[in-house]
Amino acid sequence: MLGGFDIVVIALVVLIALVLFASVKTVPQGHNYTIERFGRYTKTLSPGLNIIVPFIDRVGAKMNMMETVLDVPSQEVITRDNATVTVNGITFFQVMDAPRAAYEVNFLENAIVNLTMTNIRSVMGSMDLDELLSNRDEINDKLLKVVDAAAGPWGVKITRIEIKDIDPPRNLIDSMNRQMMAEREKRASILTAQGMRESAILKAEGEKQSQILEAEGRREAAFRDAEAREREAEAEAKATAYVSEAISKGGVQAINYFVAQEYIGALKAFATSPNQKTLLMPVEASAVIGALGGITEIAREAFADKDERPVRAGSGSGGSVPFTGQRPEPSGDIS
Amino acid sequence: MIVSAIESLGGWTWWILGLVLLGVEILAPGFFFLWFGVAALIIGVSAVTISWPWQLQILGFAVLSVVAALAGRRFFGYRDAPSSDPHLNLRTARLHGRTFTLTEPIAEGSGRIRIDDSVWRVSGPDTPAGTRIRIVGADGALLLVEPEVPLSHD
């Protein structure tokens, strides 16, 4: 049914379709294609619509030009002080030069991961465990410099290397925890001791202050007491002076007056005392009564003076008598 | 198949083929079926108006496909396609012309600078640290720099 020409035409159409398929290359954003002419790199296709020469040009490698993150697997690292820690990390890289990344290195990602791993070992192996745990920034920085320089010829820029986990072995973690706890306990006991010291000082100071205040109070009180005694003595002296004056003016009867007053007071105290069964009569009760007689003498004199010669006192001369000379009966109110 | 279809349906076969190819292009983008679709539609227009032998129609379709692809590259190729961010994925191109302070001196043609919290290797004339340098180019991940103010050699 079909002639030879017809078949040729159909084959031609199929060939043209294949040629178009081989020569029209649309590179998506974020990628670069390398082109090989007879297997040799010639140029790089940028994102967009590209047409290459069919039959002789071929797409070699399709390079991802976006920044890519690579996991650096866990590995054991021996630090300078012989602690074995398990370390893993991540690396960010970006292809800057597609043909170099495609042809200068085989298995680019594998190469970067291994480069990073070996450098982690050498950087961390030259540090003590304590440094390792506290200087991550420094480690990242060193790693980045070394690995970036090494990856440079591959047309790759290492943008970041981060150490993710640093895991010391279990027993090391335990002893680190113990160390940390001991340190905190040390601080706690130091603080407690300091507190106790300060409180003792404060207490002692308070006591000192209170004793000083007390002593001052006593001193003040003593001063006042002395003053009072002085004042009392003064008053006593004055009283004595008055008494002696009175005596000098009024004779012995005046003394009797005072004595009698005291005496009667004492008897009264006896009388009101709850223990009334025994009454000790002073031996010289009669003398007391005599003293009372003395009082009448005084009174007589005094009143006589008042009535007759008010200026002169103590004279024995008589006058009108309110007290008739009768002696009061002591027994009446005492028994 | 196409031959018998052309014989029974005439020029409309090309219309059907063209529309199907355009549909395929939308479903599977790749700027591949588009050119065949465009060529098929053009042949379809001519086949409906003029009556050609089908062999010539198929040849014309093949040639038009290639022409369409070439024309497409001319009009939509990456060189002419405007991009609002032409430096996308081109980090070194973004850094071109910017100035930085050299943190490590350039000795024997290589040094380092910090850019955006990463360290870049730079290459240029020997320069002491602290000098302002301008990025003038790049070789892979290596930045080519020169001092912002030319160094005086005395």
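I began with chain B, where I counted 5 helices and 5 strands. Helices (H or I, at least four residues) and strands (E, at least two) are DSSP runs, numbered from the N terminus. Going along from the N terminus, I read the elements of chain B as α-α-α-α-α-β-β-β-β-β.

A note on what I'm looking at: this is a predicted model, where local features need pLDDT of at least 70, side-chain atom pairs count only at pLDDT 80 or more, and totals for chains, interfaces and linings use all residues. Residues are numbered from 1 along each chain as its sequence is written, chains are lettered from A and ligands numbered from 1 in the order in which they are written, and side-chain values use heavy atoms, with hydrogens and water left out.

Next I checked burial. Of the 154 residues in chain B, 36% are buried (under 20% relative accessible area; exposed is over 50%, partly exposed in between; 1.4 Å probe, protein chains only). Chain B exposes about 8800 Å², and carbon and sulfur atoms supply 65% of that (Shrake-Rupley method, 1.4 Å probe; for residues, only the protein chains shown count as cover).

Which residues make the nonpolar surface patch of about 530 Å²? I found B:Leu9, B:Trp12, B:Ile16, B:Val20, B:Val24 and B:Val48. Such a patch joins nonpolar side chains (Val, Leu, Ile, Met, Phe, Trp, Tyr) within 5 Å, from residues with over 30% relative accessible area and no salt bridge (a side-chain nitrogen of Lys or Arg within 4 Å of a carboxyl oxygen of Asp or Glu). Helix 2 (residues 12-27) of chain B gives the most to the patch, with 4 residues. B:Val24 sits in helix 2 of chain B, and B:Val24 is partly exposed at 31% relative accessible area.

Then I turned to chain A. Its strands 6-7-8, in that order, form an open antiparallel sheet (two strands pair if DSSP finds at least two bridges between them). Strand 6 (68-78) and strand 8 (156-167) of chain A each have a single partner strand, so one side of each is left without a neighbour in the sheet. I noted that strand 7 (residues 84-95) and strand 8 of chain A pair over 10 bridges, with A:Gly89 opposite A:Ile163 in strand 8.

My last entry is another open antiparallel sheet in chain A, in the order 3-2-5. Strand 2 (residues 31-37) and strand 3 of chain A pair over 5 bridges, and A:Tyr33 stands opposite A:Leu45 in strand 3.

Definitions and conventions
Patches are made of residues with over 30% relative accessible area and no salt bridge: like charges are joined within 9 Å, nonpolar side chains (Val, Leu, Ile, Met, Phe, Trp, Tyr) within 5 Å.
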